[in-house]
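Here is a short briefing on one protein model.

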Amino acid sequence: MTDRTAIITGGASGIGEAIARRLAADGNMVAIFDLDGDAAESVAASIADRGGKAVGLQVDVTDRSALETAVEDVRARLARPTVLVNNAGMSVPSPFLDITADAWQRSLAVNLTAAFDCCQLVLPDMIDEGWGRIVNISSSSVHSGSPGLSPYVSAKSGVVGLTKSLALEFGKLGITVNTIPPGFIDTPMLRNTVAKGFVDLDLQTAKTPVGRIGRPEDIAATCAFLVSDEAGYITGQMIGVNGGRNT
């Protein structure tokens, strides 16, 4: 792939950073959206140092107007985006009865509504180009739930539903929409959940058939395939990357 432009939300660390680096290595221009603007610019600069083309933008994905401005900036500085990876996410582990209304709404805004907004803003470019790839990063927790993570699991379940609906609606226009529900991947978010006692990492690793925790690069490799031309007959699917935990 060359000269296609990809937007990756939450692209300055963890899974998002790995995806941004992999898509850039595959020849895509990448736009990294992240609340941490300095980190986004740092990752973009690192990609540029390796011969890629990237921009890092400070974006609060819960702010629709900020997203609109950022997408316009991408069009001006790179090109029309035809690849979108909705990766931005957040999780605040809490017993269900302690969850506040604000925490619930924040989880929906970051994990679900932001994906909706990004899709609405980028799909017109994909339609005009007659080609597009959307990959939504959901969560393996949607398979069976997870105690203490009700807002996160609920929002990510919504991401799966959004993926399936968009795949049906836009498939005839050359646009595919899929979701990757990662298993236990070594990211800052997971480490935070472990530190708060909601996940026993050693136990969960032992339960994983391949015998190790996942790496962000595992997700990036699958994402790279899903946004390729070769994956044009795959849409509306949940492509689990979880070391065999969910089959």
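How far is the sulfur of cysteine 119 from the closest cysteine sulfur? The distance is 7.1 Å, to the sulfur of cysteine 118, and that is too far for a bond. The model is predicted.

**Cysteines**
- The structure has zero disulfides.
- A disulfide needs two cysteine sulfur atoms within 2.5 Å.
- For cysteine 118, the closest cysteine sulfur is the one in cysteine 119, at 7.1 Å, so the two are too far apart for a bond.
- Cysteine 118 is buried, at 4% relative accessible area.
- Cysteine 119 is buried too, at 3% relative accessible area.

- One cavity of 30 Å³ or more is found in the structure.
- The volume of the largest cavity is about 50 Å³.
- Its lining includes Cys118, a residue that is buried.
- Thr9, Val61, Asn86, Asn87 and Ala88 are also among the lining residues of the largest cavity.
- Val110, Asn111, Ala114 and Ala115 line the largest cavity as well.
- Helix α4, residues 101-129, contributes the most to this lining, with five residues.
- Six residues of the lining are nonpolar and four are polar.

**Aromatic rings**
- The count of aromatic pairs is zero.
- Tryptophan 131 has a charge over its ring: arginine 4 lies over the face, at 3.7 Å from the ring centre.

Methods
Residues are numbered from 1 along each chain as its sequence is written. This is a predicted model: local features need pLDDT of at least 70, side-chain atom pairs count only at pLDDT 80 or more; totals for chains, interfaces and linings use all residues. Side-chain values use heavy atoms; hydrogens and water are left out. Rings of Phe, Tyr and Trp (its six-membered ring) pair if their centres lie within 6.5 Å; planes under 30 degrees apart count as stacked, over 60 as edge-to-face and the rest as tilted. A charge sits over a ring if NZ of Lys or CZ of Arg is within 6 Å of the ring centre and within 35 degrees of the ring normal. On a 1 Å grid over the protein atoms alone, a cavity is a set of points where a 1.4 Å probe fits but cannot get out, and a pocket is an open set with protein on both sides within 12 Å along at least five of seven lines; lining residues have an atom within 4 Å of a point. Grid points are joined across faces, edges and corners, and a volume is the space filled by probe spheres set on the points. Helices (H or I, at least four residues) and strands (E, at least two) are DSSP runs, numbered from the N terminus. Ala, Val, Leu, Ile, Met, Phe, Trp, Tyr, Cys and Pro count as nonpolar, Asp, Glu, Lys and Arg as charged, and the others, Gly among them, as polar. Buried means under 20% relative accessible area, exposed over 50%, partly exposed in between (1.4 Å probe, protein chains only).
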